[in-house]
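Subject: Structure handover

Hello,

Here is the structure I said I would pass on. My notes on it follow below.

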Amino acid sequence: MRYGMAIDIEACEGCHACSIACKSNNNLPTGVFYHVVTTDGGEYMDTARGTYPDNLYRRYVPMGCQHCVNPSCVEVCPTGASYKREDGIVAIDQDECIGCGTCISACPYDVRTLLETEPAYVVDFPLGDWDAPAHKAHTVEKCTFCANRLERGEVPACMELCPGRARYWGDLDDPNSEISKVIASRQHEQLKPEAGTDPSVYYLK
């Protein structure tokens with residue numbers, strides 16, 4: 001069993017619904033996002049590069065933890081707080097995390113956040129899933145593939161709200177899973193292959 005995700009960047013509309021679903025369901029503190037949608041195009045979000053009318057280019061690239069097969073964050077963590085689960089999810093034990101930031105420097109995808117102070121929230125009561133992970137000052141956080149939701153037989157929150165149905169989810173070790181079939185049938189890429197991390201998130205072309 002190795003959980004993975006495939007994202008169809010041709011179908012992604014750049015609506016950021018995945019980012020909002022993630023933030024809400026995980027009750028993330030102010031200023032913290034596990035998942036963002038970047039623009040591969042112009043200098044600013046939602047802008048294209050090139051010249052009008054024939055040479056414009058823009059695409060959206062949703063970004064979260066890549067849950068790598070060879071996670072560099074795990075290799076450098078001095079306490080073992082960053083670790084890889086048997087199902088392929090790269091996780092953080094906040095009781096062991098000392099907030100040193102070594103994993104942040106090692107990650108080639110810039111998807112980890114250090115909570116430097118006590119977390120603050122827009123409202124004074126928790127939002128999202130009742131079993132969303134707690135947030136602690138002086139620890140590092142990141143996407144968990146919504147491990148709490150997986151434990152009750154659901155899918156990650158970003159999967160449910162995608163209006164373009166641009167996401168596929170499942171077991172990469174099962175050749176009959178939906179994600180394995182779509183990866184086998186479509187051209188795809190993994191981000192920053194030169195890093196040698198072998199991400200479990202695939203981008204369909």
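A disulfide is counted here when two cysteine sulfur atoms lie within 2.5 Å of each other. The model is a predicted one, and by this rule it has zero disulfides. Two cysteines show why. For Cys-77, the closest cysteine sulfur belongs to Cys-100 and is 6.3 Å away, too far for a bond. For Cys-162, the closest one is in Cys-15, and that distance of 6.3 Å is again too far for a bond. Both residues are covered: Cys-77 is buried at a relative accessible area of 18%, and Cys-162 is buried at 11%.

Next, Arg-2, which sits in the segment before strand E1 (3-8). Arg-2 is buried but forms no salt bridge. Asp-173 is the nearest side chain of opposite charge, 4.1 Å away, and a salt bridge has to be within 4 Å. The side chain of Arg-2 does make a polar contact of 2.9 Å with the side chain of Ser-200. Leaving out residues up to four places away in sequence, Arg-2 touches several others, among them Val-69, Asp-87, Leu-172 and Tyr-202.

Last, helix H1, which covers residues 17-25 and is mostly covered, with seven of its nine residues buried. The buried ones include Cys-18, Cys-22 and Lys-23. What do the buried residues of H1 pack against? They pack against strands E2 (36-40) and E10 (167-171), and against helices H4 (147-151) and H5 (157-160). After H1 comes Asn-27, which has a positive phi, near 50°.

Regards

Methods:
Residues numbered from 1 in each chain as written. Predicted model: local features only at pLDDT ≥ 70, side-chain atom pairs only at ≥ 80, totals over all residues. Heavy atoms only, no water. Buried < 20%, exposed > 50% of the residue type's maximum accessible area, 1.4 Å probe, protein only. Helix = DSSP H or I, 4+ residues; strand = E, 2+ residues; numbered from the N terminus. Lys, Arg positive; Asp, Glu negative; His and termini not counted. Polar contact = N/O pair within 3.5 Å; in protein donor to acceptor, adjacent residues only side chain to side chain. Contact = heavy atoms within 4.5 Å.
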